[in-house]
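Good morning, and thank you for making time for this presentation. I would ask you to look at the sequence and the model while I speak.

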Amino acid sequence: MNFIKRFLQVLGVAVMLLLAILIFSLLQERHNLAFLSIEQNDSFQQNSYLIKNVNIIPMSEDTLLRNQMILIKEGVIAEISQNIPAGDWTIIEGKGAYMLPGLIDMHVHVWDEYELGLYLANGVTAVRNLWGQPMHLRMKEAIHEEKIIGPLFFTSSPKLTGPVFIGDDNLQMRSPQQAADKVKEYKLRGYDFIKTYNGLTRDIYDAIVKEGRVQGLDIVAHPSSELPYEYHLETEAVTVEHAEDIVQQPLAYRLDTNKLNEVVAMFEDHPEVSFCPTLVVFHNIYRMLMDDSILSSKQLIFMNPLIRKVDSKAQFDRWSQTKSTEATVVNRIKAQHDFHLLAINKLHKAGVNIVAGTDAGIGITPAGFSIHEELDFYKQAGMSNFEVLKTATINASKTHDFLSEMGAVEVGKIANLVLVDNNPLEELNELRKPSSVFIQGRHLSQEVLESFENKALERNNLIVSGLKYLEYLLVE
């Protein structure tokens, strides 16, 4: 009896200690994120400016407007001209720098608020989160209600898969009715669109698409191997994701140019569907195979601590094991990456609307920085610099209604803008270090952007990240 009493006492103390640690971690995280608070940072509160002496790359057309002024009123571009009276506006001197729309990353996985700062530091002013969880609804609300500074944030539902595709990161649908009910639920809870995933059968996928139309929710398709690849286009998914799935599904892992031409023709027949390649995340497999020390690289320090400890290591271990048992794996992955570049070249020449997405947040693909690698691959695939920039600006704005007010420097558009010292139409790498970013008209200096990177480097939120993922598992 004394033993049981003692055991319960020890258990009670342990539970209380654990709760104290969890509460302390959550409070500490809230305190550490004050650097994103609009209320607590005076410089974030102003969203009306007159910007002088900038060269504008509007992205609505292939042109350069020299020596312009831009008037931003309450976060919206109100006027563009070579001569705007100063009035009472706070003036920012552009010093002949180059201004273009903020970048849009169309495929990310966000794990904490520090990553919001990393996106802004890299000129990304809007993101499409492709694995919705309860924490993302809170992030979206905080940004929308202007409580924190961050890229405009839009999130999918949890990933919907079929009855046999198992994984704690996917939500299994076992019937069309269950799937339709989930779509209704996600609309009510505030998710912006539905993500379909591998493993969906035709009847369940059809139910999702049908209810999505009723609820006014777009479909974003990670192709399901249970369906013909073309079926995702025929049902008018807004975007189809991943170049690697072209190889894995319609090409059956064969780098077959003739079959690729057939896929390109499918997209030509469905011009309303855009394609999001996510080349960088696949190429990072090659990098893991080539660099045994990559887990200790600076790039990985910018990953969320939980993801770095779990997913980054798991992927590295997986491919290290494969390399030890398959002599040709390095050449195979490199050949497939090169084939992806060919696919982008052919799709682009066919007029397919390509939108930039990175799959950042998984493996060794950090938030923000990866968009520049993705854009560089499009350049390698044969696009001009202007065509590359379109994929992360005006092309993205053509996909969802909620992106239509972005992607161009035009009167009436949201003032999501990037200022760089030299012309990115001549050198894309200029975008890697913006001199300023404007998010809904709020000016972020280079000093502020660098502080966002430093905050991400210093974060220690392993426990909090684990709690948020546990919440997802319990709620969904």
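This is a predicted model: local features need pLDDT of at least 70, side-chain atom pairs count only at pLDDT 80 or more; totals for chains, interfaces and linings use all residues.

Which helix gives the most to the lining of the second largest pocket? It is H4, with five residues.

Sorted by class, the lining of the second largest pocket comprises ten nonpolar, two polar and nine charged residues.

Strands S5, S6 and S7 form an open sheet, in the order S5-S6-S7, with parallel pairing. At its edges are S5 (103-108) and S7 (152-155), each of which pairs on one side only. From one strand to the next, the twist averages 15 degrees. Between S5 and S6, the latter covering residues 124-129, there are four bridges, and the two strands run parallel.

I now move to the largest pocket. Its volume is about 1000 Å³. The lining consists of 33 residues, and those nearest the centre are Asp 169, Tyr 197, Asp 311, Gln 315 and Ile 362. By class, this lining contains 15 nonpolar, eight polar and ten charged residues. Four helices each supply at least two of the lining residues: H8 (244-248), H10 (279-290), H12 (305-325) and H13 (329-349). Of the contributions to the largest pocket, that of H12 is the greatest, at seven residues.

How do H12 and H13 pack against each other, and at what angle? The angle is about 120 degrees, and the axes are 9 Å apart. With that angle, H12 counts as oblique to H13. On the H12 side, the contact is made by Trp 319, Thr 322 and Lys 323, and on the H13 side by Val 329, Val 330, Arg 332 and Ile 333. Taken by class, the contact between these helices has four nonpolar, one polar and two charged residues.

The structure holds four cavities of 30 Å³ or more, and the largest cavity contains about 50 Å³ of space. Its lining is made up of His 372, Leu 375, Asp 376, Leu 428, Asn 429 and Arg 432. By class, the lining of the largest cavity divides into two nonpolar, two polar and two charged residues.

My last topic is a second sheet. This open sheet has seven strands in the order S3-S2-S1-S4-S14-S15-S16, and its pairing is mixed. Which strands stand at its edges? They are S3 (76-81) and S16; each has a single partner strand, so one side of each is left without a neighbour in the sheet. The twist here averages 35 degrees from one strand to the next. Within this sheet, S4 (residues 91-101) and S14 (residues 417-420) pair in the antiparallel sense over four bridges. Pro 101 has Leu 417 of S14 as its bridge partner. Helix H17, residues 446-458, packs on the sheet and touches S15 and S16, its direction making about 75 degrees with that of S16.

S15 (residues 436-439) and S16 (residues 442-445) run antiparallel and are joined by four bridges. Opposite Ile 439 stands Arg 442 in S16. The two strands form a hairpin with two residues between them, and there Gln 440 takes a positive phi near 50 degrees.

Thank you for your attention.

How values were computed. Residues are numbered from 1 along each chain as its sequence is written. Side-chain values use heavy atoms; hydrogens and water are left out. On a 1 Å grid over the protein atoms alone, a cavity is a set of points where a 1.4 Å probe fits but cannot get out, and a pocket is an open set with protein on both sides within 12 Å along at least five of seven lines; lining residues have an atom within 4 Å of a point. Grid points are joined across faces, edges and corners, and a volume is the space filled by probe spheres set on the points. Ala, Val, Leu, Ile, Met, Phe, Trp, Tyr, Cys and Pro count as nonpolar, Asp, Glu, Lys and Arg as charged, and the others, Gly among them, as polar. Two strands pair if DSSP finds at least two bridges between them. Axes are lines fitted to C-alpha atoms, for helices over the stretch in contact, and angles run from 0 to 180 degrees between N-to-C directions. Angles under 35 degrees count as roughly parallel, over 145 as roughly antiparallel, 65 to 115 as roughly perpendicular and the rest as oblique. Contact means heavy atoms within 4.5 Å.
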